[in-house]
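Biologist: Could you take me through this model? I would like to go one region at a time.

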Amino acid sequence: MLYQMNDYMRDKLSVYLCGFRKGMSRQNCMLLLVKKWRRSLDKTGKCGVLLTDLSKAFDCLVHDLLIAKLNAYGYDYLSLKLIHSYLTDRSQRVRINASFSSWRDIQTGVPQGSVLGPELYNINSNDLFMFMLLEIINYADDNSPFAVAPTIPRVISQLEQESASLLNWIRNNGLKANPDKFHLLLSDPNEEFSIRVDNLEIKNSKCQKLLGINIKNKMTFDDHVTSICTKASQKLHALSRVRNFMTLKQAKIILKTFILSHFGDCPLVWMFHSRKLNHRINRLHERALRITFKDNKSSFDELLTKYESFTVHERNIQTLAIELYKVTNGLSPKIMDLIFPLNPRFRYPRNSVLRPPMSERSLVEQKL
């Protein structure tokens, strides 16, 4: 069912819908925000993003409304009947120690831990983008509209209008928002700026965590990279204490999965940081390799050669090159075309899937 629904809905889902989709991640929607924000700052413009919060979004999906949306997307009667049967006639109870509550019928929501749950949630959320005038960062149940304008008051005005539309959509779809947990981040660090959302005043912040990434007003990620280094250093300290009880193969696995993996989380968002932080990452990487190989004499380059790897920054550049290759060859999600638009004068690679088909006349001319 999941494969069939994915194939059918592939061209019907919004390009801004980044959660639970093949080839897409938090990095896609974050890159869109970073690009728009930095482009506005380069032109002396102002920006702002409103971080929202939903309560148990997956548990609040209205079954009849979801079936009506599936019908609007063209699902036939038998398909709707099958999905309705899958969602209904389910019960749950609560256990505390050895005590159990009585069984209660589940009236809303999708089954927890199911493969169809995320797909159904995406379909339910897809029409949100039809009601929003601004671009919005969407990943699962995180919806963060952002605005770009010449002045801060205009940014705030646009965000207030979008927040009203967003809250209206949330209420109409049976979901529950928590405006008291909303956060505002403007390109101006002045904390006196605020926004009115559902009769609540939300003050401007200097730094906020969006989709697991710490962002500052000027779209810098020094705090985020520092946090990554701190977490990796703590785990490296733990590795140093148990290294003598491990084989080299086991130490390499620990190094890759528990330490270096921190630097592989959305690297295109934060990779352009200060040189000082790059030196800190390299020192941490070098220390990790010395502990893994028990080698205090070799240089950093020699350790990298022994590990058959590259520095974190070089690996991030490789990741960027791969994304650009995917964009130029039509292999990336559509949202990446908004982030890396092709130059109108761009000439397609010879074997690109995007290359326009050659006419019979041009084929003859080419043979001649």
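Predicted model: local features only at pLDDT ≥ 70, side-chain atom pairs only at ≥ 80, totals over all residues.

Biologist: Which buried residues does helix α3 have?

Modeller: In α3 (residues 63-72), the buried residues are His63, Leu66, Ile67, Lys69 and Leu70. Helices (H or I, at least four residues) and strands (E, at least two) are DSSP runs, numbered from the N terminus. Buried means under 20% relative accessible area, exposed means over 50%, and partly exposed lies in between (1.4 Å probe, protein chains only).

Biologist: Why are they on the same side of α3?

Modeller: They cover an arc of only 160° around the axis, so they fall on the same side of α3. The arc is that of the directions from the helix axis to the C-beta atoms. As background, an α-helix has 3.6 residues a turn, so residues three or four places apart point the same way.

Biologist: And what is exposed on the other side of α3?

Modeller: Asp64 and Ala72 are exposed there. The cover over the buried residues of α3 includes α4 (77-87), α5 (116-125) and α7 (152-172). After α3 comes Gly74, which has a positive phi near 105°.

Biologist: Turning to the strands, how does β10 pair with β9?

Modeller: Strand β9 (residues 194-197) and β10 run antiparallel, joined by 4 bridges. Two strands pair if DSSP finds at least two bridges between them. Within this pair, Arg196 stands opposite Glu201 in β10. The two strands form a hairpin with 2 residues between them, and Asp198 in the turn has a positive phi of about 55°.

Biologist: Does β8 run parallel or antiparallel to β10?

Modeller: Strand β8 (residues 183-186) runs parallel to β10 (residues 200-205), and 2 bridges join them. Leu185 has Ser205 in β10 as its bridge partner.

Biologist: You mentioned Glu201. Which side chain meets Glu201 in a salt bridge?

Modeller: That is Lys203, at 3.7 Å, N to O. A salt bridge is a side-chain nitrogen of Lys or Arg within 4 Å of a carboxyl oxygen of Asp or Glu. Lys203 is partly exposed at 45% relative accessible area, and Glu201 is partly exposed at 44%.

Biologist: How many salt bridges are there by this rule?

Modeller: The count comes to 8 salt bridges. One of them joins the side chains of Asp7 and Arg10 (3.0 Å, N to O). Asp7 is partly exposed, with a relative accessible area of 49%, and Arg10 is partly exposed, also at 49%.

Biologist: What about Glu135, which residue does it form a salt bridge with?

Modeller: Its partner is Lys36, with the closest N and O atoms 3.7 Å apart. This pair links distant parts of the chain, 99 residues apart: Glu135 is in the loop between α6 (128-131) and β6 (136-139), and Lys36 is in helix α2 (residues 26-42). Glu135 is partly exposed at 21% relative accessibility, while Lys36 is partly exposed at 27%.

Biologist: One last topic. Is Asn316 buried or exposed?

Modeller: Asn316 is buried, with a relative accessible area of 2%. Its place is in helix α13 (residues 312-328). Leaving aside neighbours within four places in sequence, Asn316 is in contact (heavy atoms within 4.5 Å) with Phe263, Pro267, Leu268, Trp270 and Met271.

Definitions and conventions: Residues numbered from 1 in each chain as written. Heavy atoms only, no water.
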